Amino acid sequence: MISIAVSSQKGGVGKTTVSINLAHAFARAGVRTLLVDADPQGSVGLSLTRQSRLLAGFYDYLADPGLPLDRLIVPTRLETFSLVASGQASDYEAGGAGMGAHLARVRAFLRSVSARGFDLCLIDTAAGLFGVTGDVIASSDAIMIPQQAEPLGIRSVPKLLEGLNRLRVMNPRLSVLGVCLTMVQHDLAESTEAAAALRQLLPPDMVFQTQIPRDGLFIRASARGLPVGVLEDGAGAQVVFDSLRAEIESKLEPADHRHGYPG
Ligand SMILES: Nc1ncnc2c1ncn2[C@@H]1O[C@H](COP(=O)(O)OP(=O)(O)OP(=O)(O)O)[C@@H](O)[C@H]1O
Ligand SMILES: [Mg+2]
């Protein structure tokens, strides 16, 4: 199994939107996918299952060593797609406990997910690289970083680079898949210029070729609690995530070779 954290220092950059739609793209391609909401604000759960606030979830698993993974897994209409909500447990304890406090339990979670037969565990985290998010990053195989394509966002690039370096220190075996530009507005010079500027500032292999356009469909989809691909007119928007999926697969392949596993 491969675990991928979707994280960023900044909030509101599109992590949850990318997580839901990318997980759905993998699941549609036949990859047995578990989407985990590791944000105590619970936006994946909120949008995907109405009763998710009542479900035991990821934070309950961290808080209660006796809780089995099976209690958390929520199936969807797509056989290859399951969810884990963020759950009931307060994040005060989790956040206040500091980084490293939940490392063992996060690792136990990922081992259980793998043993349950999933091919991919995609984890939507809260903004910031500390606390439980830090423990998730330290335990994952790979990370991708959504970044909003707007000038203000680009000014945070030095911080982003610093963040990338910190990630490598936190987890030396972490595969940094790169930065994914989100909310790109092709009809707005400031947005496309910001996207181009980011490509100049970061090493080429650190920025995904695929860019997520700004599209009201994504807001409509999350309001209805759905990945965009299941909307009647969502096929076009889903194509973008199919291409992001293909890019991630090709980035992960060489890493497998490096570790001596055949393709
Ligand atoms: N490609 C897009 N086109 C249009 N709107 C988008 C797009 N991506 C995200 N949004 C909207 O932008 C807002 C922030 O997106 P999202 O919740 O995915 O970000 P986030 O990084 O998960 O935020 P947080 O840090 O609060 O968890 C949401 O209202 C979402 O619907
Ligand atoms: Mg979010």
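This is a predicted model: local features need pLDDT of at least 70, side-chain atom pairs count only at pLDDT 80 or more; totals for chains, interfaces and linings use all residues.
Which residues are closest to ligand 1, and how many surround it?

Residues are numbered from 1 along each chain as its sequence is written, chains are lettered from A and ligands numbered from 1 in the order in which they are written, and side-chain values use heavy atoms, with hydrogens and water left out.

**View 1. The shell around ligand 1.** Ligand 1 is surrounded by 16 residues, the closest being Gly12, Lys15, Thr16, Thr17 and Pro213 (a residue is near if one of its heavy atoms lies within 4 Å). By class, you will find 7 nonpolar, 5 polar and 4 charged residues here, with Gly counted as polar. Helices α1 (15-28) and α10 (216-223) each supply at least two shell residues, and α1 gives the largest share, 3 residues. Helices (H or I, at least four residues) and strands (E, at least two) are DSSP runs, numbered from the N terminus.

**View 2. Polar contacts of ligand 1.** Pairs of N or O atoms within 3.5 Å are shown. Oxygen atoms of ligand 1 lie 3.0 Å from a polar backbone atom of Gly14, 2.8 Å from a polar side-chain atom of Lys15 and 2.8 Å from a side-chain N or O atom of Thr16. Alone, ligand 1 exposes 630 Å², and the protein buries 77% of that (Shrake-Rupley method, 1.4 Å probe).

**View 3. The open sheet.** Its 7 strands follow the order β3-β4-β2-β5-β1-β6-β7, with mixed pairing (at least two DSSP bridges per pair). The edge strands, β3 (73-75) and β7 (175-182), each pair on one side only. Strands β2 (33-38) and β4 (81-84) run parallel, joined by 4 bridges, and Val36 stands opposite Val84 in β4.

**View 4. Helices across the strands.** Helix α5 (103-115) lies across β1, β2, β4 and β5, at about 145° to β5. Helix α8 (157-170) lies across β6 and β7, at about 170° to β6. Contact means heavy atoms within 4.5 Å, and angles run from 0 to 180 degrees between N-to-C directions of axes fitted to C-alpha atoms, for helices over the stretch in contact.

Notes: A polar contact is a pair of N or O atoms within 3.5 Å; within protein, one must be able to donate a hydrogen and the other to accept it, and residues adjacent in sequence count only if both atoms are side-chain atoms.
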